[in-house]
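Here are my notes on the helices and a few individual residues. Please read them with the model open.

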Amino acid sequence: MIAALADAGLPPLQGSHFLTTQFDVVPVALIVGALALYLWGVRRNNALHPRHLWPAGKTVAFIAALVTTALSIFTFVGVYDSELFWDHMVQHLLLIMVAAPLFAIASPLQLAWRSTTGTAHLVVTEALRSPVAKFLGHPAVAFVLYAVVIPISHLTVWYNDTLTHESVHNGEHLVFLLVGYMFWRQIFGNDPNAYRLHPALQFFYLFLAIPIDTFTGLSLAGASRELFPAYFATHRNWGPSYVVDLHAGGSIMWVVGDTLMLWPMIPVALRWMHLEERKAVRIDLELDAQAAEEARTGPSGQPPRSINSTRTPSGSVQ
């Protein structure tokens, strides 16, 4: 059984308890290892390509993603995630809606490709060109995975298993980060991918994803009873009732989740408008050039008659 249920005596989440922390060896090692590997890649890239340094913004995004992941696991959010459903929902949103898009912006696959040489570079190149990579990089695959994982992880027995098995709980965190990265890489970053969505398609890609969070949130907010029996084992005698806690988590998923899905639509819409403006300018230039050419040569492609030409009574030009 779980460590979370063993923590049944957690005190009420208030005051100084918001500063509660926990540090497990595996997640700490993964986060520190990921940071070290990424920074090594940045240094290696800058040494190999001094005229094309790795963008500092991508490095900042990667560090921010790791910090967000750490906050969701090591702070009170991770301590109370098996005690309060609304807290667990905050953790989920931090991972899949904040950390995952930041990882996508950081473009780790591009960094891996640019920072390797020799055999390692060939291996990375072949991996990125493989059928598996092409399949996982397809926008439809990413969308379907997101559409499946979000409701199943919150509305089925899977969620209850995360409360009773720590390994399932930790695996869920990795699934959220991986599926979230696959989803958001279609919008942000420039990792090598065989598919590139036009901003118009990116906009509708995000628009179609909103109902997924809405459905999940409303299903939880409208439940008439506690859906996850494992919470009863905590014997919590403080805070909201189990059903109210469930409704609060559903509302967070619905309102906050939809909001976090909406804001990326703004830069996507701006990119779309920018491309349309550039297209309009290009068409205008082409039309202007065509009009100038016709004015010079005439519609038939022949030089226009002189304006000094006159006609005789018989109709011949003098």
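Predicted model: local features only at pLDDT ≥ 70, side-chain atom pairs only at ≥ 80, totals over all residues.

1. Crossing of α12 and α14. The axes of α12 and helix α14 (residues 265-297) come within 8 Å. They cross at roughly 155°. Angles over 145 degrees count as roughly antiparallel, so α12 is roughly antiparallel to α14. The crossing of α12 and α14 is left-handed.

2. Residues behind that crossing. On the α12 side, the contact is made by P199, A200, Q202, F203, F204, L206, F207 and I210. On the α14 side, M265, V268, A269, R271, W272 and L275 take part. By class, the α12 contact with α14 has 12 nonpolar residues, 1 polar and 1 charged.

3. Pairing of α2 and α3. Helix α2 (residues 25-48) packs on helix α3 (residues 56-74) at an angle of about 175°. Their axes are 11 Å apart. The two are therefore roughly antiparallel to each other. From α2, the contact uses P27, V28, I31, A34, L35, Y38, L39 and V42. From α3, it uses K58, T59, F62, I63, L66, T69, A70, I73 and F74. The class count for α2 with α3 is 14 nonpolar, 2 polar and 1 charged.

4. Length of α9. Does the span of helix α9 (residues 139-155) agree or disagree with 1.5 Å a residue? It agrees: the 17 residues should span 24 Å, and the end C-alpha atoms are 25 Å apart.

5. Surroundings of α9. Which residues of α9 are buried? They are P139, V141, A142, Y146, V149, I150, P151, S153 and H154. These buried residues pack against α5 (85-106), α8 (131-136), α10 (157-164), α11 (166-184), α12 (199-221) and α13 (242-262).

6. V148. This residue lies in helix α9. V148 has a relative accessible area of 38%. Buried means under 20% and exposed over 50%, so V148 is partly exposed. V148 and I212 are 64 residues apart along the chain, yet their C-alpha atoms are separated by 8.9 Å.

7. S107. Please look at the backbone here. S107 has a positive phi of about 50°, although it is not a glycine. S107 sits in the loop between α5 and α6 (108-114). Is S107 buried or exposed? S107 is buried, with a relative accessible area of 0%.

Technical notes: Residues numbered from 1 in each chain as written. Heavy atoms only, no water. Helix = DSSP H or I, 4+ residues; strand = E, 2+ residues; numbered from the N terminus. Expected span 1.5 Å × (residues − 1). Buried < 20%, exposed > 50% of the residue type's maximum accessible area, 1.4 Å probe, protein only. Contact = heavy atoms within 4.5 Å. Axes fitted to C-alpha atoms, helices over the stretch in contact; angles between N-to-C directions. Parallel < 35°, antiparallel > 145°, perpendicular 65-115°, else oblique. Left-handed = near helix turned anticlockwise from the far one by under 90°. Nonpolar A, V, L, I, M, F, W, Y, C, P; charged D, E, K, R; others polar.
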